[in-house]
Amino acid sequence: MSKGKSTQSVTIPEYQQQQQQELFQAAKGLAGQPFVPYTGPRVAGFTPDQLRQFEATRGLFETGMEYDPFTGIREIAQAPTPSLLGADIGAYQSPFQEQVIETTLGDIQRRADIARQQAQAQAIGAGAFGGSRSAILEAESQRPYAETMARTAAGLRQAGFEQAQRAAESDIARQMRGREFQAGLLGRLGSEQERRLGALGQIGEQQRLLQQQALQIPYQEFQRALAYGPQQLGLFQAGLGTPLETVTTKQKAGVGDILGGAAGLLGSAWMGGFNPFGLLK
């Protein structure tokens with residue numbers, strides 16, 4: 001028999017043992033509940049108006065892509081630049097030019113004929129008709145008119161040529177403006193195609209986001225299912241972790257008394273259904 005010594009013992013009040021048992025059973029029941037996934041709808045689809053917008057946008061895109069504006073711009077850029085060297089000036093001359101020249105020369109010729117008659121009359125009056133003097137008088141009367149007819153015809157033809165040249169230059173300028181206008185139209189068409197392409201990409205992105213959201217829902221449920229076990233275990237552990245009220249007593253006892261007291265304490269706990277070594281069993 002060993003020498004006795006002072007020892008301390010810890011006891012749990014009976015009412016708290018009962019509370020501990022009740023809390024343990026409640027936590028065990030909560031931890032044993034099965035996982036219930038949510039099976040209802042969580043993603044709203046597109047509305048009928050949105051679907052109509054998608055179809056209209058796709059239709060605009062397809063009609064806008066029927067023509068290739070870059071081919072037209074390339075053709076304009078590769079076309080030779082028009083110039084007067086290759087222009088047919090005669091095509092721009094007035095069809096009435098020769099008629100105007102002939103009419104003008106006819107008027108001058110009539111005045112020349114009158115002058116010739118006056119010269120002949122003068123020669124007759126001087127008694128020199130038919131001689132060399134008469135010929136000189138007639139030639140001198142016709143010379144100014146001949147010069148006038150030559151200058152007038154040349155001037156009219158020059159004026160007609162210059163007018164035709166200006167018309168050709170104006171036509172060339174009009175052609176260049178037309179090319180610039182066509183290039184501008186084709187450029188705006190290309191910009192419109194890019195805008196419609198962007199709009200098509202936007203509706204595609206909306207559809208992708210909706211599909212991605214629909215795919216995300218089951219994955220979220222999968223994550224919740226994975227976290228369900230640790231969550232229930234936490235509830236179970238919380239039921240076991242309630243602070244206990246203890247009563248401490250001091251006494252002097254030998255080794256046998258201490259072992260007997262501990263065995264009695266454990267026995268009373270087991271009798272009450274509390275198993276400290278197999279709580280999670």
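Q: How do you know that the span of helix H1 (residues 14-31) agrees with its number of residues?
A: Helices are DSSP runs of H or I with at least four residues, numbered from the N terminus. The expected span is 1.5 Å times one less than the number of residues, so the 18 residues of H1 should span 26 Å, and the end C-alpha atoms are 26 Å apart, which agrees. This is a predicted model, in which local features need pLDDT of at least 70, side-chain atom pairs count only at pLDDT 80 or more, and totals for chains, interfaces and linings use all residues. Residues are numbered from 1 along each chain as its sequence is written, and side-chain values use heavy atoms, leaving out hydrogens and water.

Q: Why is glutamine 232 called buried?
A: Buried means under 20% relative accessible area, exposed over 50%, and partly exposed in between (1.4 Å probe, protein chains only). Glutamine 232 has 6% relative accessibility and therefore counts as buried. This residue is found in helix H5.

Q: Why is phenylalanine 222 called partly exposed?
A: Its relative accessible area is 45%, so phenylalanine 222 is partly exposed. Phenylalanine 222 lies in helix H5 (residues 132-240).

Q: What makes the buried residues of H2 lie on the same side of the helix?
A: In H2, Phe54, Thr57, Phe61 and Gly64 are buried. They cover an arc of only 100° around the axis, which puts them on the same side of H2; the arc is that of the directions from the helix axis to the C-beta atoms. The face of H2 turned away from this buried side carries the exposed residues Pro48, Asp49, Arg52 and Glu55.

How values were computed. Helices (H or I, at least four residues) and strands (E, at least two) are DSSP runs, numbered from the N terminus.
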